[in-house]
Amino acid sequence: MVGKEKELTIHFSPGSVRLVEEDVYVPDRRVLVTGASGLLGRAVHKEFLENDWDAVGCAYRRARPRFETVNLLDPGAVRRIIQEVKPQVVVHCAAERRPDVVENRPDYARQLNVCSSGCLAREAGAAVLRVPVLYGPVEELGESAVTVLFGPVQGCERMASVDHWQQRYPTHVADVALVCRQLSERRLQVSAPLAIAHTPPRHSPPLPIPSFTPTPSLNAHPRVSAAV
């Protein structure tokens with residue numbers, strides 16, 4: 001539904017509780033964000049929600065109560081959430097990015113990073129927006145490859161070994177979220193070929209920014225952007 005719809009709200013006052021039906025405005029643009037409980041997903045969901053989009057987030061371990069619980073390893077669950085939400089755009093932020101997990105559980109990592117992305121692409125069509133190392137507001141230090149460095153060195157009585165030779169150009173998740181939203185809004189108006197490209201950090205050579213084509217109808221297949 002878009003436009004106005006009814007919503008029940010509980011109103012508390014001293015000595016009474018009332019259930020009130022109120023009109024709620026629903027934007028006519030809808031996005032589905034996977035991995036919405038993670039570092040990047042939270043920023044993407046927030047960016048769309050605050051800019052006149054009906055933003056629906058899904059997650060798995062940390063989904064409730066804010067987001068829909070969806071197991072992306074289950075093709076049936078992926079198909080159901082897309083059919084139920086009917087998004088114009090899907091932004092795919094769910095991934096296993098921890099090197100130790102990828103190394104020790106390669107089958108699981110492949111299912112989440114490759115197979116689930118392929119399933120979303122088959123259901124929705126696809127464009128891939130690849131991003132560099134991310135940082136931003138974290139709920140725990142391990143969420144970012146930047147903040148995870150504080151773990152071994154913060155309050156540690158023993159010497160910690162940290163290399164100093166890698167050159168990295170981290171990108172803030174809010175900047176990535178902004179790019180995802182602007183691309184979505186532009187492609188609601190202008191059709192263009194799908195693409196696979198990298199979004200560059202500020203100090204690296206410029207690379208092409210990808211575009212993807214959301215369909216104009218809520219009942220048609222959306223386009224999915226995989227931010228990995």
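Analyst: Let's start with the rings: those of Phe, Tyr and Trp (its six-membered ring) pair if their centres lie within 6.5 Å, and planes under 30 degrees apart count as stacked, over 60 as edge-to-face and the rest as tilted. By this rule there's one aromatic pair here. It's edge-to-face, because the rings of F48 and W53 have centres 5.0 Å apart and planes at 90°. Bear in mind that this is a predicted model, where local features need pLDDT of at least 70 and side-chain atom pairs 80 or more, while totals for chains, interfaces and linings use all residues. Numbering runs from 1 along each chain as its sequence is written, and side-chain values use heavy atoms, with hydrogens and water left out.

So where do those two sit?

Now for the core, meaning buried Ala, Val, Leu, Ile, Met, Phe, Trp, Tyr and Cys residues joined through side-chain atoms within 4.5 Å. The largest one has 23 residues, and F48 is back: with V31, L40, V44, V91 and L134, it touches the most other members. At least two residues each come from β3 (30–34), α1, β4, β6 (89–92) and α6 (173–189); these are DSSP runs, helices (H or I) of at least four residues and strands (E) of at least two, numbered from the N terminus. α1 gives the most, with five residues. There's also a second, separate core of 15 residues, including L32, V56, V78 and I81.

Technical notes:
Buried < 20%, exposed > 50% of the residue type's maximum accessible area, 1.4 Å probe, protein only.
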